[in-house]
Amino acid sequence: HYISVDTSYEGEKAVLFSPDLYSEERWSCIRLIYQIATTSGTSSDHARLNLYLRQEGESFDRLMWSAKEPSDSWLIASLDLTNSTKKYKIVLEGEMGQDKSASIAIFEIKITPGYCIECDFEENHLCGFVNRWNPNVNWFVGGGNIRNSQSILPKDHTLNSELGHYMYVDSVYVKHFQEVAQLISPKTTAPMSGCLSFYYQLKQESSIVFTLYLRDMNGFYEEIWKTDSALSAGWELAEVDFSAPYPMEVVFEVAFNSAKGGYVALDDISFSPSYCTNQTGISFNPAEASCNFEEDLCNFYQDHKDGPGWSRVKVKRNVYRVGDHTTGFGYYLLANTKFTSQPGYIGRLYGPTLPGNLQFCLRFYYALYGFFKMSGTLTVYIFEENHVVQEKIWSVLDSPKGVWTQAEISFKKPMPCKVRSSSSHLQSYRWSCGLVALDDITLSLGSCQSADLLPPSPGKCTFEKDECMFTQKKRGRGIWHRRRGPTPTSYTGPKGDHTTGVGYYMYIEASDMVFGQRAYLISRSLRGVSGKQCLTFFYNMYGAGTGLLSVYLKKEGDDEEIPLWRRTGEQSISWLRALIEYESDRTYQIIFEAIRGVSIRSDMAIDDILFQAGPCLAIQFSSGYPDSLNEIEY
């Protein structure tokens, strides 16, 4: 039997819940055998199958996996699940889209303790391992009393009997030298490091090369193991230290360098989270190379021989100067080219040493003020430990003035290295001086592109693609608009969004509304949970006629809405962070209400909404104006 989505309900979602699950094991593997089929072939609005994790005590389901590619056969998906102490449910959601001919079916769901990369090849789905098809040499399933080749083994390793199964490559069909057979593991879906072990047998008349590679999502191969013995009488155990901090596949590759015969067999792949040797591995935490400069420079430092340097500054909330990116009223770094008459570097900021041979994604925010010519005012270099070789990996070309803009750079170096940010002062124009600001440096493992492919965080909305879980409540002309860049009216609204500086935000256009008119943005119904919840968002209230921005909580069954947060009048030219703590054990909705102020300079905007379980960690309540509007604190 299999289960499939009933297609008679157009445009609706079919949802399948697991029972409450709980695991004593630290890791589990979810395997799903599924098929998405369509006969039209050209439909742009494909059917989609989503798998969510619903954890106890959380209002949002976490999207773990999603597929929409149609196929004419059953496919297998493997997902590593790090278990927590909480109970959870697995939620499968089928979306039919507009395609009338589509169908979504599930043949098997299996949750096993351990890791998806482990396999004894006894089950017909082969744990999601696939052979990369080659006209002449391929991996085959051996054993199970199948006598389909001259040189396969009498017994497997798992059951030690002729009924057990294993994988093998035989040289019988080799036609050319250097032909390669590849067996590819399912992709890791959670960071893991430790010891990968497997059993193999190798029989050869001459050279067979059996190699183990890691392959990342960009297609880069890294060799982690190779056979050294020419012959193995029985099953040999191989152990290899293995680290996959970001999604990777393990590739078992066999190459025949001559036509003299031989075979390689493989069985019982297993994984342990502790390393095979006594080494502890490089337990590098990318957070060590991240900093928001709220407390200090973290693990960054400067060499003052390089010039006046970067100053850690804080701008009190005001309507003339932009504050920091983190909260709008915190600290950031500033290099001021007014302080020097010499062309060259003003400040160099050095990061901590990073381990070699890992793929990194570096993201940071910068803002430029006053430069006549922007290119080259901020540059990022990477240099290896000997401090001699340095390579420029990024330089600013052009960006909107005075807007916090996100830069992202992927890099990988074979040797340990450091990152250096330099602010330079190019005297190509006589009056080309200005300010360079830097904030919120984050480093993560894996390329920036692969990070973008990961499922979005539950309860997070940046408005980059759509309005997420929010809908409009249209009364008259009060509407929230999704926009990028500055708002049409001068001296009001943001110049760019908070997420990247060049993305989207939601705002009210005051020139389309009248004084006192309201616009509502309402979340979909959210699951009530016991305990405190935290709502974070960024708001921009700049403009002399700014009105009122409020947030309400509406519980199911209640007529009254509970006010949670409110700001009135002009607040700052910056995006400011709001933190709200609330509780609701019933289904509820969050409502953003904007009331237009006295003039058209009343554009109000919101961005980067995040719902989190648990209390808010850093509560900074602030109201009204500071005493001095334009003061900088050093």
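Arg596 touches Ile508, Ala510, Met513, Val514, Phe515, Gly516, Gln517, Gly547 and Ser602, leaving out residues up to four places away in sequence. Arg596 sits in the loop between β38 (588-595) and β39 (604-613). The model is predicted. The chain has 634 residues, and buried residues make up 53% of them. Its elements are 1 helix and 40 strands.

**The chain as a whole**

- Among contacts with a separation of 6 or more, 80% join residues 24 or more positions apart.
- The accessible surface of the chain is about 29800 Å².
- Carbon and sulfur atoms account for 51% of that surface.

**Arg596, a charge without a partner**

- Arg596 is buried, yet it has no salt bridge.
- The nearest side chain of opposite charge belongs to Asp603, and it is 7.5 Å away.
- A polar atom of the Arg596 side chain does lie 3.0 Å from the backbone oxygen of Met513.
- Met513 is also one of the residues that Arg596 touches.

**Salt bridges**

- The structure holds 13 salt bridges.
- Arg54 and Asp61 meet through their side chains in one of them, at 2.8 Å from N to O.
- Arg54 has a relative accessibility of 23%, so it counts as partly exposed.
- Arg54 and Asp61 also belong to a salt-bridge network that includes Arg527.
- Glu408 and Arg363 form another salt bridge, with an N to O distance of 2.8 Å.
- Glu408 lies in strand β26 and Arg363 in strand β23 (residues 359-369), so this pair ties together parts that are 45 residues apart in sequence.
- Glu408 is partly exposed, with a relative accessible area of 36%, whereas Arg363 is buried at 16%.
- Lys413 and Glu391 also form a salt bridge, and their closest N and O atoms are 2.6 Å apart.
- Lys413 is in the loop between β26 and β27 (417-425) and Glu391 is in strand β25, so the pair ties together parts that are 22 residues apart in sequence.
- Lys413 is buried, with a relative accessible area of 18%, whereas Glu391 is partly exposed at 34%.

**Aromatic rings**

- A search of the whole structure finds 38 aromatic pairs.
- The ring centres of Tyr166 and Tyr168 are 6.2 Å apart and the planes stand at 55°, so this pair is tilted.
- Tyr166 and Tyr168 are both buried.
- The rings of Tyr332 and Trp404 have centres 5.5 Å apart and planes at 80°, so this pair is edge-to-face.
- Tyr332 belongs to strand β21 (residues 331-336) and Trp404 to the loop between β25 (390-395) and β26 (405-412), so the pair ties together parts that are 72 residues apart in sequence.
- Tyr332 is buried, and Trp404 is buried too.
- Ring pairs also link a cluster made of Phe121, Phe129, Trp139, Phe198, Tyr200, Phe210, Trp225 and Phe252.

**Leu334 in strand β21**

- Leu334 is placed in strand β21, the strand that holds Tyr332.
- Leu334 counts as buried, with 5% relative accessibility.
- Leu334 and Ala437 are 103 residues apart in sequence, but their C-alpha atoms are 4.5 Å apart in space.
- Beyond its neighbours within four places in sequence, Leu334 is in contact with Gly309, Trp310, Ser311, Val313, Arg321, Leu435, Val436 and Ala437.

**Phe60 in a loop**

- Phe60 lies in the loop between β4 (48-55) and β5 (62-67).
- Phe60 counts as buried, at 8% relative accessibility.
- Phe60 and Lys460 are 400 residues apart along the chain, and 9.6 Å separates their C-alpha atoms.
- Setting aside neighbours within four places in sequence, Phe60 is in contact with Pro458, Gly459, Met469, Arg524, Leu526, Arg527 and Phe611.
- Arg527, one of these contacts of Phe60, is also part of the salt-bridge network with Arg54 and Asp61.

Conventions. Residues are numbered from 1 along each chain as its sequence is written. This is a predicted model: local features need pLDDT of at least 70, side-chain atom pairs count only at pLDDT 80 or more; totals for chains, interfaces and linings use all residues. Side-chain values use heavy atoms; hydrogens and water are left out. Helices (H or I, at least four residues) and strands (E, at least two) are DSSP runs, numbered from the N terminus. Buried means under 20% relative accessible area, exposed over 50%, partly exposed in between (1.4 Å probe, protein chains only). Contact means heavy atoms within 4.5 Å. Accessible areas come from the Shrake-Rupley method with a 1.4 Å probe; for residues, only the protein chains shown count as cover. Lys and Arg count as positive and Asp and Glu as negative; His and the chain ends are not counted. A salt bridge is a side-chain nitrogen of Lys or Arg within 4 Å of a carboxyl oxygen of Asp or Glu. A polar contact is a pair of N or O atoms within 3.5 Å; within protein, one must be able to donate a hydrogen and the other to accept it, and residues adjacent in sequence count only if both atoms are side-chain atoms. Rings of Phe, Tyr and Trp (its six-membered ring) pair if their centres lie within 6.5 Å; planes under 30 degrees apart count as stacked, over 60 as edge-to-face and the rest as tilted.
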